[in-house]
Structures are given as structure tokens and as C-alpha cells.
Amino acid sequence: MLPEGFEARMRALLGSEYEDFLASFDRPLCTGLRRNPLKTGFTGDLSRFSLSPVPWCPTGFYYDAASRPGLSPYHAAGLYYLQEPSAMAPAELLDPQPGERVLDLCAAPGGKSTQLAGKLRGKGLLVCNEINAKRAKILSGNIERLGISNALVLNEHPKRLEERFAGYFDKILVDAPCSGEGMFRKEEAAVTDWTEDTNAICANRQLEILTSAAAMLRPGGRLVYSTCTFSPVENEGVISDFLWKNPDFSVKKPDVPYFSPGRPGWVANPAPGLEFTFRLWPHKLLGEGHYAAVLRRAGDEAPAALPQEPAARRPQELTEFCSQTGAALPEGKLLRFGDVCYLVPQELPEIKGLRVLRAGLELGAVLKKRFAPAHAWALWLETLENSVSFEEADPLLARYLSGDVLPSDKRGWTLVQADGLSLGWAKGDGSQLKNHYPKALRRPV
């Protein structure tokens, strides 16, 4: 049952389109996944998922829900991210390029952040922020699972970031928290939580977040604002208010014929350019309801220069581990948080005073004159001299994911893979592999 107030409003707005819109709520949900371009060594087969392309996302695919790709070891190895197809649009509209500084300001659970990271190809800096601490941990886990090395995961209020990163970013994504009307078909909680006041409350918060984001964008930079709601107050209304208050910003219209134009006539005193924003309607495409606006800040200046985080000295234990195993490292500089070592982008700014959940790639910890490699490093690695790869259906692979020891003549640290995709560490003694797959991720056999 849809809220009566929502139905009345949409009937008035859509007129003759309303019946088609209403009928879309009876359509089966669209299920989508997005391939991770950072994982290049895959040798398996995804045909049983019955993939078909999502038109607006080159790495996006619809899949057969009955095939349940989330249960496959390929998901654990970060080959893909399960994502609603319309939600793939904002990161495509932002279009980050390798080497740029990119901010995902409202980033949990990580679908759009991981999509942006795939476009950066490990070059540049991706800052992923989430104000909710519990959701920020989920975000950090997804950054790890997809093998991303150049991301800084923060748990901060946008206002605090505004103070630290003025004019610093080339590209910013604001996938704003909203009333979630576009998710009514997918999430019952979105229906039960909706009230007549929800839209206005969300719009006030969205404008505050968008204003903080604008301060962090360099002149000439691009900002994408998106929601998963149909509400004109939260969509065209927020963008119109923002444009009137920030005349150095304007709306840009990339060539995306799959999407419908914004509706300036649905808000009072519309700012110029609202017709160039985008609406994704569930009765016009295979996806849920979304809205997006591509904004550009006037001018053309280099990003602001900030003091950089100083590099730590590489511990001998890490050097010896790399020498013994042949493990590769991404480009960057070393940071240490106690005994734990991270490799971060060379240009990482100072992070003192920020709530940091993940700084680049966690390499591992120095423990009693030895180095214990982190699970994150295994997921980033594409290959290792000492490795074992199992086919997806091999019972030994299921045993590894459940935490069992495996028979093997390998000695020392070994990379365990599924059809060429790195899954985690094991350590051999010549007769068996001791399992180092994280206990929190293990599955029952």
C-alpha cells in the first residue's frame, strides 16, 4: 500500500502518465550487478547469471534474481557489486578520470564509491565519507572487498570536511539522504517511514549538504547531486534553491538519452537549467526512481594545495615479506597506525583530527619481528608467486571460505584464489594450508 498523500501528489503531477507509473509498482524488481574493472584476472564463467547490459552503465548488468550471485565466491572476491540499475547513473554522470581528486560525500553502503574507484583505476584520490558510524563500517568493508587501494574512508559531518577541504576536489558526488520514494517498491521501510513532512525535512538537510559540497569543489569542477525520490521539493526544488544562492554554479546536460528531463514547472520560482536535470522513471526504464543534476562551478583553477600526510619509514619486516613472497605494492607512501601499515596515495593530505576508518590499502601489521599481511592486501593482489586457484565448484574452495585447513604442499604465505580472483591468505607448512580467511567472513559448509 502506497501512502495516500504520495499517491495524491503523484496523480496531480503526472496526469495521464499516472496509471503507467502506478502499474510499474506491480512489475518484478530489477536486479543488477556491476563488474569491477579493478579485477582483471578472472577466468571463470558468469553465463548462469543470465546477464544483460544496463544501457547507461558500461560495467552494469541485469541478472536473473534466481541465480543469486551474492552467494558466489566471485562476490566475496570483489568481482562485482550488487547494485540497483538506476543507482548506477550518478557515478556515470560524474565521470571521474584517473588521477583526479574525487569526493563521495554520502557514500554508504559503497555502491557509488566502488563505481567511482573503478573509473579512477587506482590513480588519484577517492575520499568516501559517511556520517553514520555503523553504515561507515559497511562502506569500509565494501571498499576492502573490491580491492581499492586509493580510497580514504571517513566518518565525518560534511561541515567538518568543508573546513578542511575548501576548493580541493575535481569531482564531487552528493547522493543525498532522501525520503526514498523511489525505493517504495524495493523497501517496505521506505513506505512506513514516509509522512507528509518528510520531503521538507529532507530538502533542508539536502541543501545543507550540497552547500558544504560546493565549498569543497575547485572552480571548473563537476558536482553531481542525486536522490532516489520522486519529490519535486527534494529534487528540482533543492537544485533551484542552490542555484539561486550560488550563481557561480550552472546545470550541465551530458548526452544521456535514456533519462527523462527534470520538471521546472513542478517548483515555484525555478532557476534556469532545471530542464537539463534528469529523472529516471520506473515506468520508462528498467530501474527504480532516481533524480540527478550535473552541476559545474564557474572558472578553471587547479585544486587547492593542502599540507600532505608525512610518510613513515618502511619497516624491515614488510621489506622482508615482499622479498620472500614477491608480493607487489601499489604506488604511494607508507602510513603507520601503531603496528598496522597502510599504503596511501602520494598526495594524501593531512588526516590528523579526522575520524578515519580506512586510509588507502591496509597491508598488515608488524608483530614480534614478523609481518602479518592483511586481508585487504590479498584482495588487491592479482597474483603471487605462491598461490593456489580453485574453480568455483571445487569443494576445497568452500572449505577455505568456511575456515578449514586445506591439503597442500605449499610452504609459507600463499594467496588463495577462485578462478583467478584473489580471496585471501593461507600459510603452508608443506602438508597443509593454515586458513587465514577472516573469521567474520567465514561461511558454514
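**Helix, salt bridges and pockets**

Visitor: Which residue follows α5?
Guide: α5 is followed by a residue whose phi is positive, near 55°. Helices (H or I, at least four residues) and strands (E, at least two) are DSSP runs, numbered from the N terminus. The residue in question is Arg121.

Visitor: What kind of model is this, and which atoms do the side-chain values use?
Guide: The model is predicted: local features need pLDDT of at least 70 and side-chain atom pairs count only at pLDDT 80 or more, while totals for chains, interfaces and linings use all residues. Residues are numbered from 1 along each chain as its sequence is written; with hydrogens and water left out, side-chain values use heavy atoms.

Visitor: How many of the ten residues of α5 are buried?
Guide: Buried means under 20% relative accessible area, exposed over 50%, and partly exposed in between, with a 1.4 Å probe and protein chains only. The buried residues of α5 include Lys112, Gln115 and Leu120. Helix α5 (residues 111-120) is largely enclosed by the rest of the structure, because the buried residues number nine.

Visitor: What is the count of salt bridges, and which residues form a network with Lys284?
Guide: A salt bridge is a side-chain nitrogen of Lys or Arg within 4 Å of a carboxyl oxygen of Asp or Glu, and by this rule the count is 20. A network of salt bridges links Lys284 with Glu17 and Arg263.

Visitor: How far apart in sequence are the parts tied together by Lys284 and Glu17?
Guide: Lys284 and Glu17 form a salt bridge with their closest N and O atoms 3.4 Å apart. Lys284 lies in the loop between β12 (278-280) and β13 (290-297) and Glu17 in the loop between α1 (4-14) and α2 (18-23), so the pair ties together parts separated in sequence by 267 residues.

Visitor: Is Arg101, the partner of Glu347, buried or exposed?
Guide: The closest N and O atoms of the Glu347 and Arg101 salt bridge are 3.5 Å apart. The pair links distant parts of the chain, with Glu347 in the loop between β15 (340-344) and β16 (356-359) and Arg101 in strand β5 (residues 101-104). At 24% relative accessibility Glu347 counts as partly exposed, whereas Arg101, with a relative accessible area of 14%, is buried.

Visitor: What is the relative accessible area of Glu236?
Guide: Glu236 and Arg279 meet in a salt bridge of 2.8 Å, N to O. Arg279 lies in strand β12 and Glu236 in helix α10 (residues 236-245), so the pair ties together parts that are 43 residues apart in sequence. Arg279 is buried at 1%, and Glu236 is buried at 0%.

Visitor: Which element gives the largest share of the lining of the largest pocket?
Guide: On a 1 Å grid over the protein atoms alone, a pocket is an open set of points where a 1.4 Å probe fits, with protein on both sides within 12 Å along at least five of seven lines; lining residues have an atom within 4 Å of a point. The largest pocket is lined by 46 residues, with Ala108 and Arg135 among those nearest its centre. Elements that each supply at least two lining residues include α5 and α6 (133-145). The largest share, six residues, comes from α9.
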